[in-house]
Amino acid sequence: MVMGREEIILDKDGIRRDLMAWNIKEVVNLAGTYDKAFQILLDLLHDKNPMVRTNALQVIKELLKANSLNPERISLVVDDLVELARDKNERVSLKALEVLNLLLETGGISEEDYDKITDALVEIIKRGAPILSEYASEGLGKAGAKVVRIAKKLIGWLFSLIRSSEDRQVQSAAITALTEMAYRTEDSKVFNEIFDKMVDLVDHVDPYIQERALLSIDRMLSRPEMLTKRNKIKAVKKISKIKNSVRLASKASLLLEKLEKVSGEEEETLTPEEVKKKLEISEYGPEDVEKLLDAGKTDIVAELAKIDPIVMSMIIDMLNSDDPTRRMDALWVLSKTASQLTPTDAYSVLPVLGEFLKSRNPWARSTAAETLAEIYSLYPGTAQFFTSLLDVLLKSNREPDIEGALELIQALQKRMPTPEFQMAIVNILEGLLRRKESRATTLRFMAREAQSLIDLDYETLVRLENVLKEIYGEEGGKYDNIIASLIDLIDDLIRMKGGETESD
């Protein structure tokens, strides 16, 4: 029996066939038990077939998760992982980055290997490849958090990249890496250097950079014990200057509230209710999440998820629960903690949030839309997913699907009030209004969300009014009352916007 098992282990073609057939568990057992099987696995990381390479990487990932790789084996695999992170096949390179991120999480890496991994991740971020750079940024943050020497080298370079690059993907990845580093580091100097420089980005000329800086600061404030008084005072001054900004006012106000509560004298400034809430949170851990949700204390679970990755992981798992109430609880918590998601977490929840967007429950649709828009603002690499999702929803004749698409478009528009995006919105609305199957849903949505029309520019409003005039009277005039009301409102806005343009 042993000899027969040994022969199977030595059979490279057999293990390759298992990987091709997705028999991951079987290969994990073999490679975890026998050194020769592990050596074959390393050879198959260079197989000509990208599926074999990808599944061999998945086996390495499972071995890491099971804590089955000793330092010697880890040292053997690092060079392969670094090489595959640069693989021409995106699926292979993405899987290699997932494994590298897990390896940086679990540890057992030599100083030399940290440098190899860091250099590879830096190269990927410089390229600004969608998705890949976001996964690389997560790994870079973990590396900097583990090794202070690497952090000191990276901090200045990443902030320089944010200011010098014009590539949104590169800027986003750099901010993510810095945020991850600060969130995970145990070195107060590293934390405060990142916080200090992130506060400087609050008055950046680019509103996108400003918003990302605020989101980063928000996540760092989940570790108030690390923050110096000097940095707190600086943050309050900088953020106070933008609290009247239309786009950033809400986030700025929330941050100012948080900053007021993280001083050394916070017990004197907190109300009794706030002190009680703070104490309640400190009393609970991951084992109490289910009990808290059953008691309706979702706000406490949200606070726990912000500071404990285990709780966040539990919430993500609950999104797929068989219990519909538990799924809704998880969606609510996620909507309050979306800015805390790592790239790995964010990409993992996109499909289930897309399904919530098709729900017949209006609250679930709107909450999913807002959460998805928040994720998009964090990680632009998700654009391809959003394009595909909207394409499916907009082609559907199901009312909840069309409602979900419109909810998502509106949520995205709030975060991207650019002329290009407004033009894209009108193109979509034109198509929906001209299509009889989607006309009623679209008109009802426009009427319900009429206040958002004020955010559209003059040219966009004129185009939208012309489309509404075009469909007025169709289908026996059964929608004419809604159409006429919308035309009257848009007409008023056009006159107002026209006056603003003339005065400019």
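This is a predicted model: local features need pLDDT of at least 70, side-chain atom pairs count only at pLDDT 80 or more; totals for chains, interfaces and linings use all residues.
The backbone of asparagine 67 has a positive phi of about 60°, although the residue is not a glycine.

Averaged over the chain, the pLDDT is 86, and 92% of the residues score at least 70. Among the elements of the chain, the highest mean pLDDT, 95, belongs to helix H12 (residues 188–200), whereas the lowest, 44, belongs to helix H16 (residues 266–269).

Two stretches call for careful reading. Over residues 1–9 the pLDDT stays under 50, and the model has eleven contacts beyond four places in sequence for this stretch. The pLDDT also stays under 50 over residues 264–270, for which the model has eight contacts beyond four places in sequence.

Leaving aside residues up to four places away in sequence, leucine 45 touches Arg53, Ala56, Leu57, Val77, Asp80 and Leu84. One of these residues, aspartate 80, is 35 residues from leucine 45 along the chain, yet the C-alpha atoms of the two are separated by 7.3 Å.

Leucine 76, by contrast, has its place in helix H6 (residues 71–84), and at 41% relative accessibility it counts as partly exposed. If residues up to four places away in sequence are again not counted, leucine 76 touches Phe38, Gln39 and Leu42. Leucine 76 and leucine 259 are 183 residues apart in sequence, and their C-alpha atoms are 46 Å apart in space.

## Where two helices pack

Helix H9 (residues 132–146) and helix H22 (residues 343–356) pack at an angle of about 140°, and their axes are 9 Å apart.

Which residues in H9 meet Pro343, Thr344 and Tyr347 in H22? On the H9 side they are Glu134, Tyr135, Ser137 and Glu138. Sorted by class, the contact of H9 with H22 has three nonpolar, two polar and two charged residues.

## Aromatic pairs

A pair of aromatic rings is described by the distance of the centres and the angle of the planes. A search of the whole structure finds four aromatic pairs. In one of them, the rings of phenylalanine 191 and phenylalanine 195 have their centres 6.2 Å apart and their planes at 20°, so this pair is stacked. These two residues are four residues apart in helix H12, and therefore they are separated by about one helical turn. Phenylalanine 191 is buried, with a relative accessible area of 0%, and phenylalanine 195 is also buried, with a relative accessible area of 0%.

The pair formed by tyrosine 376 and phenylalanine 386 is edge-to-face, with 5.4 Å from centre to centre and 80° between the planes. This pair links tyrosine 376 in helix H23 (residues 362–378) with phenylalanine 386 in helix H24 (residues 383–395), the two being ten residues apart. Phenylalanine 386 is buried, with a relative accessible area of 4%, and ring pairs link Tyr376, Phe385 and Phe386 into a cluster.

## A mostly covered helix

Helix H19 (residues 298–307) is mostly covered, as seven of its ten residues are buried. The buried residues in H19 are Thr298, Ile300, Val301, Ala302, Leu304, Ala305 and Lys306.

Conventions: Residues are numbered from 1 along each chain as its sequence is written. Side-chain values use heavy atoms; hydrogens and water are left out. Axes are lines fitted to C-alpha atoms, for helices over the stretch in contact, and angles run from 0 to 180 degrees between N-to-C directions. Contact means heavy atoms within 4.5 Å. Ala, Val, Leu, Ile, Met, Phe, Trp, Tyr, Cys and Pro count as nonpolar, Asp, Glu, Lys and Arg as charged, and the others, Gly among them, as polar. pLDDT is the predictor's confidence in each residue, from 0 to 100. Rings of Phe, Tyr and Trp (its six-membered ring) pair if their centres lie within 6.5 Å; planes under 30 degrees apart count as stacked, over 60 as edge-to-face and the rest as tilted. Buried means under 20% relative accessible area, exposed over 50%, partly exposed in between (1.4 Å probe, protein chains only).
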